[in-house]
Protein chains: 8
Amino acid sequence: MLIASRSKLLFIGDSITDCGRKRPVAEGLFDPLGNGYVAQVNALLNASYPDRPVRVVNTGCSGNTVRDLKARWQTDVLDLKPDWLSIMIGTNDVWRQFDMPLFPEVAVTPEEYEQTLDALAGTTKPLLKGLVLMTPFYLEPQPTDAMRARMDQYGRIVMAVAKKHGAIAVDTQAAFDRALKHQHSSNLSWDRVHPNSIGHMILARAFLDAVGFVWSPVRREKA
Amino acid sequence: MLIASRSKLLFIGDSITDCGRKRPVAEGLFDPLGNGYVAQVNALLNASYPDRPVRVVNTGCSGNTVRDLKARWQTDVLDLKPDWLSIMIGTNDVWRQFDMPLFPEVAVTPEEYEQTLDALAGTTKPLLKGLVLMTPFYLEPQPTDAMRARMDQYGRIVMAVAKKHGAIAVDTQAAFDRALKHQHSSNLSWDRVHPNSIGHMILARAFLDAVGFVWSPVRREKA
Amino acid sequence: MLIASRSKLLFIGDSITDCGRKRPVAEGLFDPLGNGYVAQVNALLNASYPDRPVRVVNTGCSGNTVRDLKARWQTDVLDLKPDWLSIMIGTNDVWRQFDMPLFPEVAVTPEEYEQTLDALAGTTKPLLKGLVLMTPFYLEPQPTDAMRARMDQYGRIVMAVAKKHGAIAVDTQAAFDRALKHQHSSNLSWDRVHPNSIGHMILARAFLDAVGFVWSPVRREKA
Amino acid sequence: MLIASRSKLLFIGDSITDCGRKRPVAEGLFDPLGNGYVAQVNALLNASYPDRPVRVVNTGCSGNTVRDLKARWQTDVLDLKPDWLSIMIGTNDVWRQFDMPLFPEVAVTPEEYEQTLDALAGTTKPLLKGLVLMTPFYLEPQPTDAMRARMDQYGRIVMAVAKKHGAIAVDTQAAFDRALKHQHSSNLSWDRVHPNSIGHMILARAFLDAVGFVWSPVRREKA
Amino acid sequence: MLIASRSKLLFIGDSITDCGRKRPVAEGLFDPLGNGYVAQVNALLNASYPDRPVRVVNTGCSGNTVRDLKARWQTDVLDLKPDWLSIMIGTNDVWRQFDMPLFPEVAVTPEEYEQTLDALAGTTKPLLKGLVLMTPFYLEPQPTDAMRARMDQYGRIVMAVAKKHGAIAVDTQAAFDRALKHQHSSNLSWDRVHPNSIGHMILARAFLDAVGFVWSPVRREKA
Amino acid sequence: MLIASRSKLLFIGDSITDCGRKRPVAEGLFDPLGNGYVAQVNALLNASYPDRPVRVVNTGCSGNTVRDLKARWQTDVLDLKPDWLSIMIGTNDVWRQFDMPLFPEVAVTPEEYEQTLDALAGTTKPLLKGLVLMTPFYLEPQPTDAMRARMDQYGRIVMAVAKKHGAIAVDTQAAFDRALKHQHSSNLSWDRVHPNSIGHMILARAFLDAVGFVWSPVRREKA
Amino acid sequence: MLIASRSKLLFIGDSITDCGRKRPVAEGLFDPLGNGYVAQVNALLNASYPDRPVRVVNTGCSGNTVRDLKARWQTDVLDLKPDWLSIMIGTNDVWRQFDMPLFPEVAVTPEEYEQTLDALAGTTKPLLKGLVLMTPFYLEPQPTDAMRARMDQYGRIVMAVAKKHGAIAVDTQAAFDRALKHQHSSNLSWDRVHPNSIGHMILARAFLDAVGFVWSPVRREKA
Amino acid sequence: MLIASRSKLLFIGDSITDCGRKRPVAEGLFDPLGNGYVAQVNALLNASYPDRPVRVVNTGCSGNTVRDLKARWQTDVLDLKPDWLSIMIGTNDVWRQFDMPLFPEVAVTPEEYEQTLDALAGTTKPLLKGLVLMTPFYLEPQPTDAMRARMDQYGRIVMAVAKKHGAIAVDTQAAFDRALKHQHSSNLSWDRVHPNSIGHMILARAFLDAVGFVWSPVRREKA
C-alpha cells in the first residue's frame, strides 16, 4: 500500500465528502468522519492493516465548489499538514448551472475550475507525500443528458490536472458507470448526486484501489 | 368552469398530492391542504371565482401506490361523498421497480395497476359529478431512460381508463415535457419525482385547464 | 408581459410579504420565498412562461413599517440590484395607531409615511426597469371602521406616489373589496390583516394583472 | 356575595374559557385554570374573601359549540357535582357560519343552539345552587357587520333562556361595547374573538358583578 | 384614581415582579408582563377605566437584590422615563442570608439595603409623578421565625424610606398576614416566597388600593 | 450490619423516595435509583461493604399517599419479593390538608393513615427478613406551625405501628431537628418538604444507623 | 461467493448487530441497516458485485440474549423467510454475569445458551440456503480476565453448534485478537464490547471472508 | 476533621470530577456540584457536621489533562481563593496514549505531567490551608495491562509530588483495587474509567478518610 504507517490522510470536497462529519475538523474518537466514503476508507484501511494505522481527517463541506475550497485552503488543508491529500470537487460547480440557471454567480465555469484546481494542486503537491484527485461524477448514465456531458468535461479537467502534477487520478465516473450497467441510478442515489451507502463504497473502492490497497495484506505478503 | 359553486372537490394520490397535508382529512381552516398543487388549485379557484366557492379536500398519502388507494378507498373517498374526484397515482408503483429492484412485493405491475385503477374509476364514477384522472409523470426528458419508458406505459393506462369511463384526462407528463424543452429537470425537481413550487404550478395549471378554469372570469363573462 | 426574461424581481414589505421566507435574502433553491403571494407570483410566472424565467427575490420582514424599510434600504434593496421592485408597506404604520394607542413612537403618521415612501420611490425608480407600488389593505369592508378609514388614507398616498414617479400602482384594497362582496372577511383572514392562501392569491392576481401576465401566453401569441 | 364559602364553581365553554387550562379537569395546585377570565375570577374571589374560599374548576374546551358541550355534559359537568355552574358558549356556533361557509355541518343554527342550551340549563338548574349564563360576544362594534348581527341574535337567546330558568344572565357584549366606545377592537383582541388579558378582565368583572362580588368586603361589612 | 390617563407606570423588582415577563423591556402587545401581580394590575386598571388607559411596563428580574437594581437603574428605570414607578425589592437580600449562609457576598445587609434604596428613591422621586414602595414579605406567619423577623426589619426600612421621600408605601406583609389568619401559607405559596395567582392578587389589590383604584369608577362618579 | 449479603432491599414512598427514579421498577445498571437518599444508601452500602453486596430497588412515586401505596402494593412490593422493605410515607397525606383545603378527598385522615399503614405492615412483615418504617417529616422547626404539629401526629403513628409489628423505626424528624438547630430550613430545602442533597444524606444516615451500618467495617472487624 | 444473486441475507443479534437500525424490520431504502458491520457488509457486497445484488436485512436488538432471540424467532426470522441467516449472540448472556452479579435472572448460563442456540440452529438450518454462526467476543486481550474467559467458553459453544449443524462458523474473537496484538483495546472500543467503525469492519471482513467474498471479482474471473 | 468550619473546599479535575456540574463555577443552591464524588463529599460533610458547614466548589472539566488545568488555573483555582484544594488529574493524560495512538499532541508524557503538577502544587500550596492530591486510577485489575501499568506510573508521580510539598495524598487506585478483589470491574464502571455511583462513593470515602472525617462526630466527641 502506498500510504505509509502513521500517515495523516486528509479528504476535502463537497457534501459527498462531508456526509455529516464533525466540525471544525473531523478526526479522532467517536467516528467523527461522517457516514460516507471517507469513513469507509478509514474503516477499511485500519481494519485491514492493524499494524500500519493511518490517521484519516475529513474537511469536506456541503455545497462547496472549487472556489470555496480555495477560500479555506489555508485553514482546512495547509494548517493541518497532511501527508496525503485527496480532493473531490466539481459537482456543485456544474450543478448550479442547471438547477439555478438564473444565478450565474454561484456556478463555476470550466475555465475558473481548471485554473483554480491547477493552482491548488500545483502549490500543494510539493508539500505532500501523495496527492489524489478524484473526478466529480453524475449518476446519470445517458451521455446526452446536458448535465452529464458537462460533468464529463470537468472530469477530463481533473484527469489532466492530475497528470500534469503527477498526482494519482481516480475516475469515479467510470467506477459508477460500471455499476449503472446493471441497475437504474435510483438504486444508488436519490437525486443522481448523493450516493447511498453502496454508492459510497464504490467511491471508497475506487480510492483504495488507486493507492494500492489489498484486502488481505497478510496473505499477499506471504505469497 | 365545469365545477359548480359549493362543490366538494377531493384530491387523492401519493406524496405529490400529500405535500404535508393535515391528518386525517385535510380541509377547512388554516390552509391544511399541504404545499403542493392541491393548495394552488384551491387558491386559484377561490380567488378567481369568489362568487362560486369550491370546497377542496386532500387525502393524498406519501408513498402510496394504487394498491394503497384501494385499501383506503372507503374511508378516504367514498365516506367523504365528494362531488368531484381527482386521482393521480402511479409514481411509486413504477419507482419501486427501479430503486428497490430486490423488493418485487412493493412494486405494482402494469396489469395490477390497470385492473385496480379501472375498478376504482368504474365503481366510483357513477357517484360523482365529475372524475379527473391525472397521469403519473417522471421529470426525465429522455424517453430511453428505463424508468421514463415505464412511466409512459402507466400514463397510457391512465389515458385509456379515463376514456373508457368518460373521465377527464390530464396528461401531466406532456405538461412537464413542454417546460423541459427550456430547462434542465434539476430546475424543477430535486429527484425528478417531487416538483418544486414551479413544478407544482405546472400540475395545477394542467388540472385547471382541463376543468375549464378561466383566469379572469368576470371579463370573460362581460365579453 | 412587462417583465423581461431573466429579470430579477424583488419584493419588499412587512409580514404579508415575509410569510416565513428564508434569511437573510430569500432566493434560489428549495422554495425559500415563504408561503404567501410572493411564492405564488414566482410559481405562476415561471410555470406559465417556462421560456422566459424570472428570478424572484423576497426581503419582506414581519412587523416592518416604512421607517424600517428606509433603515435597511441599502442592504435589502440597492445592494441586490433588482431590475424590478415591488413595495407593499403601511399595514403596521396604521395598525400600531389602533392596537397600541399608548405607544405613539411605534406608529408612522401619514406625513412621515408619504415623505419616506416618496423619497424611496424617487431615488430608486431611476435604477430600475420597473417599479410596482402595492397599497396596504384592511380586510374590513365597512368604511366607517376607524382603522379601515385610516388604511384607505394610506392607500391614497401610495396611489399618488406611484403616479408622481411613473410607477405601476396596484390597488390591493379594491381587489379584496370585490371578494368581500361575496363572503365575510373571516373567510379570508384570521385577523383582517394576514390573508390565508386564497387571500394571498388575490394579491398575486392583482400584481400579475398589473404587469401584463397572461395565463396562456402560447395561445395568446398564436392568436 | 352570592356564592357561599367552600362552594365548587364550575366554568364550561369554548377557547375563551379554556385558555390553556390543564387536562382533564382543571382545578387544584399550581394555577391550572388557564390564563383567562376563569383564573382572574378565581384570584379575585379568593384574594378578596380569604375567609370564604371558593373552589374554582374549569372544563372549557377550545373550538367547542353547544353541540360539543352536550356531548360531554355528563363527564365534564354532572359528574363533577358543582354547586355553581357558569356557561359561556356560542362563539364557534356562529363563527363557523362565516369562516367556513362551505362546511354547514360544523356550525350550529339558532334553533339547535336554543334548543340545546335550553335543555342543558333546564335539566341542570335543579341540581345547582346557582347557574350563570354568559352571552357570547364579538369584538366588532358595528352592528351592521353580519357576524356581529348574528352573534347578537345568539346573545338574545342566552338572555331568554336565563330568564326562563331563573339563571343569572351576564351580558358580556354590553360590557365590551362600553370599552369599545373608547378604543379600537384591536386594542382588546387580535381577531375580535379572543380577548387579551384586559379583555378577559372585562369578562371577569362582568361575571363578578353579577354574583354580588364586592372589592372590599371587610369595609362593606363594617359600614 | 391617582394615576392620570396615558401615564407610563413602571414596575421593577425581583422574581415576584418578573414572573416570566418578556425581555428586554416588557410592554405592549401580546400580554408580555408575565403572570404575576403586574399583569393583574394592568388588566384591572385598563378594564376598569377604559377611558383612562395606563401604559404598564415591567422590568423585574428574577434573583435580584437592591444591589442589582442599582446596577441596572439607568437602563431599566431612568432611560424608560416612567411617570410612575413601583419598587418591590428585598426578598433575595434577606433570603441569601438563610439559604446560602456560607456565601455572605451574595446577601445584602440592612445597612447596604437602606442606603441603596434611599439613594435610588431620593434621586428618582423628583423625576416622577408618583413613587410607590412595596415592602418585601415572607409567607411565614410566625414572627419568631428567623427569616420572617429579618424580613420585617427590611419592611420597616421600606416604610421609613417611603416616608422620608413622600412616596406611597404598600405594606404587603400586612396584606398577606390578613389572609394567613384564615389559611396555611402552603395554600398561597409553594416556598413561602413565590405566591400563586391568589397571592399575586393580594399584592395587586394592595397596590391598587394604595393608588386610589375604585372597582366601579362609573358608579362612583355618578354618586 | 443487619442486612445480609446479596439481599434485595426495596424502598417505597412518595416523591422524597422517588427523586426521578427510572420506571417501572428502578434497579440495576446505570444508576436508576434517582438522586435522593435511596441512591445514597445504595452507594454507601456497596462502597463500604464490597464483599457483601446489596441489591437496592426503588418504587417510590411522587405525590403518593398511603392510600396510593395500598393500591399498588401487589405489583410494587409483593411481586418484587424483597428481603428487606423500607416505607416512608405520609407527607402528602398531611400536606393536602393545608395546600388544598377545599379538596378533602385527596388528603388522608390520621385514622385512615394508621389503619392502612398498619394493615400493610402487618401482612407484609412475615414475608420479610426486615422491615423499616421511616416517619414522615416537615422541615419546619416551630412545633406551633399547624402542619408541623399534624406531621408530628403522623410520625407518632409510624412509631407505634413499627413497635406493634417489631419493625425498625427511623425518626427522620428527629434527625432533621438536630440539623435545624444550626441552620435555617431554607438551607436544607426549597419548600420545607423536599430536601436538597445534604438533607437527603441526613435521611440516608438515619436509615443506615438504624440497620447497623459501619463506616469502616474492616477496621471494626479487626478490633 | 457463496451467496447467490438476489438472495435475502438476514442478520440477527444484539446491540452490536442493531447499531441503530430502523424498526420493525430494517431493509430497503435510505440505509436503514444501522451503522455497524451489517451496513458495511451490505455496502461491500453490493458495491463489489453490482451484477449479483443481495438483499440484506437486520433484526438485531440491543440488549438481547439468546433467550430473547428465541422469544422473537417466529416474527424476526422465520416469517421473513431468509435465504441466508447470520446469528451473533452471547455478549449480554455473559456480560450480565459480571456487571449485574446480583441479578442472576437476566444472565444466561452456558447450559441454557448452548441448548437454545442448538435448537434454533437445528430447526432453522433446513429452511435456509446458508447459516452463519458468529461467536461473541470481548475486546480484552488477557485470557485471565474472568469475563474474557467466560466469553471464550461461549465462543467454543458457538463453534461446536456450527460444526454439529454444518453451519459456517466465524471466529470473531480470533479476528479481534489479531488486531489487539498491535494496539490497545481502547483504540477499538469504548467499553471493550461495542466496537467503533474500525472494529465493525473487522467483523464485516471476518463475515465476508467466511462466505467467499472477493474484493475484485471481475479481475478474479478474468484470471 | 481537618477542614475547619466555613472553609471553602475546591475540587478540580477531569470528567470524573465534573460529572455534569453547573457552569462556570459550580457552588451554591440547587445541587450544582454534579452527580459524582464531589457531590457525595459535600452531602456527607454537611450532613454529618451540621454545626461545621463547609462550602464545596467544583471546577472539574470533562476531557482535561494537567495541561488544561494549567491553562485555567488562574480563573478556576486562584481567583476563587479556596481554603482547601483537591486535585485529581491524569486519566486523560494517559488514556489518549492508548485510544488515540496517532494523536501524540493530545496526550501528556510523564515528564510534562510531573513538571506541570509539581509547579501547580508548589506555587499554590502556600496559599492554602490544605492541599489534597488524588491519584488517577484505572478500573483494570491486571497490572500487565499496558494502560494500567502507565496509570500506575502517573499515580506514583502524584504520590511523590504530594510528599515533596507536604500535601495529603489519596491513593484512589488502592481504594478501587480493594473493591475489585470482590467483583468484576464492569460492576463499577462502564468503561473502566468513569465509575458508577458506587465507584464514586469509593472515591468520596478515600477523600474523607484522608481528611479525618468521622461518620458520627457527636458520639466520638462524647467518648
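The following legends describe close-up views of a predicted model. Local features are given only where pLDDT is at least 70, side-chain atom pairs count only at pLDDT 80 or more, and totals for chains, interfaces and linings use all residues; side-chain values use heavy atoms, with hydrogens and water left out. Residues are numbered from 1 along each chain as its sequence is written, while chains are lettered from A and ligands numbered from 1 in the order in which they are written.

**View 1. The interface of chain D and chain E.** Here 28 residues of chain D are in contact with 28 residues of chain E, where contact means heavy atoms within 4.5 Å. Together the two chains bury about 2400 Å², 66% of it on carbon and sulfur atoms. Buried area is the accessible area (1.4 Å probe) that two parts lose on being put together, summed over both. Between chain D and chain E there are zero salt bridges; a salt bridge is a side-chain nitrogen of Lys or Arg within 4 Å of a carboxyl oxygen of Asp or Glu.

**View 2. The rotation that relates chain D to chain E.** Chain D is superposed on chain E by a rotation of 180° with 0.0 Å of shift along the axis (RMSD 0.0 Å). The two copies are therefore related as by a two-fold rotation axis. The same surface serves both copies, since 100% of the contact residues of chain D recur in chain E. Of the residues of chain D, D:W215 comes closest to the rotation axis, with its C-alpha at 3.2 Å. Superposition is by least squares on the C-alpha atoms of residues with pLDDT of at least 70 in both copies.

**View 3. The interface of chain A and chain C.** Eight residues from chain A and seven residues from chain C take part in the contact. The buried area is about 630 Å², with 67% of it on carbon and sulfur atoms. A:M100, A:L102 and A:F103 supply 74% of the area that chain A buries against chain C, more than any other three residues. One salt bridge is counted between these chains: C:R55 pairs with A:E105, their closest N and O atoms being 2.7 Å apart.

**View 4. The rotation that relates chain A to chain C.** A rotation of 90° with 0.0 Å of shift along its axis superposes chain A on chain C (RMSD 0.0 Å). That is the relation of a four-fold axis. A:R23 comes closest to this axis among the residues of chain A, at 16 Å (C-alpha).

View 5. F:F30 lies in the loop between α1 (15-18) and α2 (37-48) of chain F; helices are DSSP runs (H or I, at least four residues), numbered from the N terminus. The residue is exposed, with a relative accessible area of 56%, the term meaning over 50% (1.4 Å probe, protein chains only).

Key
Helix = DSSP H or I, 4+ residues; strand = E, 2+ residues; numbered from the N terminus. Buried < 20%, exposed > 50% of the residue type's maximum accessible area, 1.4 Å probe, protein only.
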